[in-house]
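Colleague: I'm new to reading protein models. Could you walk me through one, feature by feature?

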Amino acid sequence: MPDETIDTLVIGGGQAGLTMSHHLKQRGIAHLVLERQRIAERWRSERWDGLMFQFPNWSVRLPEFAFPHSDADGFSPAEAIVDFIEAYAAFVAPPIRCGVAVTRLRGNDSGGFIAETTDGRVTARNVVVATGPYQRPLRPDILRDADIFQVHASGYKNPTQLPDGAVLVIGAGASGAQIAEELARAGRRVLLSVGQHSRLPRRYRGRDLIWWLAEMGIDQRPVEERGPSRLLPVISGAHGGHTVDFRRFAAEGITLLGRVSATRGGVITIAPDLAENIGNGDAYYATFLAMVDDFIAARGLDCPPDPAARARLPDPACLTAPLRELDLRTEGITAVIWATGYGLDLNWIDIPVLDANGTPRHRHGVSDVPGLYFLGLQWLSRMKSSFLSGVGDDAADLADHITARG
């Protein structure tokens with residue numbers, strides 16, 4: 001590709017980049033979308049085979065494009081989401097080039113930007129970075145020297161990928177919880193390290209969690225009202241969608257552990273925080289139930305009581321007498337899955353817009369560098385900013401901002 005000039009460059013061809021293109025086209029703004037691999041690449045190559053999307057089918061949508069389904073309250077596999085995003089791309093018909101990576105983004109003397117890519121240079125007056133929040137798998141190095149199979153959740157595919165033996169899953173967020181349950185159902189002995197988490201009900205009083213978030217306006221809560229917690233809720237769409245209950249996990253044979261804090265000679269040290277972490281997750285869960293109850297009472301909604309949602313199984317032995325050390329060899333652990341989340345990878349942006357942690361400085365996606373925008377990040381402007389069905393609202397706002405620049 002020879003050097004070229006475009007009004008607006010969109011970097012990233014997932015749902016964020018596609019919705020951005022859709023809104024730019026509606027406003028008649030000339031633009032180009034660059035995608036380093038394929039459309040929706042992370043949905044294709046960084047998800048496991050049995051992943052079920054955590055949002056019910058009725059809630060899945062992109063701007064002016066509904067998700068096709070036969071079961072509104074069901075949950076769909078990852079490949080159905082890929083098909084949906086591909087269909088949306090055909091609907092939008094964006095000016096996109098796949099297989100072109102941006103290796104450096106810098107400013108130019110005219111107040112615009114130069115993107116150096118694997119296929120030439122692009123000069124743009126505006127740039128929207130729409131590469132998403134899940135860019136760099138985070139994996140602590142405390143088992144760096146252990147002679148054992150290890151894989152991040154982004155590289156896990158299915159139980160047959162792992163050697164025979166017990167499996168240690170480190171991290172009990174949405175991915176870790178669903179993977180641990182999948183392994184246990186496949187007959188594997190599973191140990192699950194549970195750190196700090198926020199647990200929410202899958203359904204309560206006849207409605208799905210996502211319905212309550214929307215009905216109460218919680219998903220529209222602005223980032224300025226976000227609390228100190230940066231934890232994503234532990235929810236699952238597996239097996240028809242059910243509430244993640246770690247006591248139930250233990251009752252079904254999964255051994256719960258506290259946070260993995262250190263290792264030496266194949267022996268892992270476990271922090272004494274399991275009961276605290278489970279208790280904090282329970283408190284978050286109970287607080288949400290109370291919020292829904294108050295909302296129902298205030299609005300006079302006809303929603304039946306749901307006493308089962310507050311039922312609690314007895315504390316398992318692994319919670320009342322938690323392990324403080326774990327010998328990998330003695331326990332027969334042959335594989336470790338790191339479900340420890342992701343970080344941003346924006347070091348290719350050679351513009352002073354990142355803080356010391358590599359996080360972009362912006363307000364609702366608008367950076368303090370004129371013409372540079374971010375889209376698809378968690379809590380970009382509101383709670384639902386990184387939701388599949390929420391990114392389009394931010395894209396519309398940014399498209400309006402770009403239009404106003406003239």
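Colleague: Let's start with strand 12. Which of its side chains point one way, and which the other?

Modeller: Keep in mind that this is a predicted model. In strand 12, residues 190-193, Val190 and Leu192 point one way, while Leu191 and Ser193 point the other way.

Colleague: And are those residues buried or exposed?

Modeller: All of them are buried, on either side of the strand.

Colleague: Which strands does strand 12 pair with, and in what sense?

Modeller: Take strand 11, residues 166-170, to begin with: strand 11 and strand 12 pair in the parallel sense, over four bridges. Then there's strand 17, residues 255-257, which pairs with strand 12 over three bridges, again in the parallel sense.

Colleague: What kind of unit do strand 11, helix 4 and strand 12 make?

Modeller: A right-handed β-α-β unit, with helix 4 covering residues 174-185.

Colleague: How do you find empty space in a model?

Modeller: Rolling a probe the size of a water molecule over the atoms shows where empty space is left. Here, the second largest pocket holds about 390 Å³ of space. It has 18 lining residues, and the closest to its centre are Tyr285, Ala308, Ala309, Arg310 and Ala311.

Colleague: Which helix gives the most to that lining?

Modeller: Helix 7, with four residues. Helix 6 (246-251) and helix 7 (274-299) each supply at least two residues there. By class, the lining of the second largest pocket has eight nonpolar residues, one polar and nine charged.

Colleague: What about cavities: how many are there of 30 Å³ or more?

Modeller: One. The largest cavity has about 30 Å³ of space, and its lining is made up of His197, Arg199, Asp245, Phe246, Arg247, Ile278 and Asp282.

Colleague: Which helices supply at least two residues of that cavity's lining, and how do the classes divide?

Modeller: Helix 6 and helix 7 each do. The lining of the largest cavity divides into four charged, two nonpolar and one polar.

Technical notes: Residues numbered from 1 in each chain as written. Predicted model: local features only at pLDDT ≥ 70, side-chain atom pairs only at ≥ 80, totals over all residues. Heavy atoms only, no water. Buried < 20%, exposed > 50% of the residue type's maximum accessible area, 1.4 Å probe, protein only. Pairing = 2+ DSSP bridges. Right-handed = clockwise from strand over helix to strand, strands pointing away. 1 Å grid on protein atoms, 1.4 Å probe; cavity = no way out; pocket = protein on both sides within 12 Å on 5 of 7 lines; lining within 4 Å. Points joined across faces, edges and corners; volume = space filled by probe spheres on them. Nonpolar A, V, L, I, M, F, W, Y, C, P; charged D, E, K, R; others polar.
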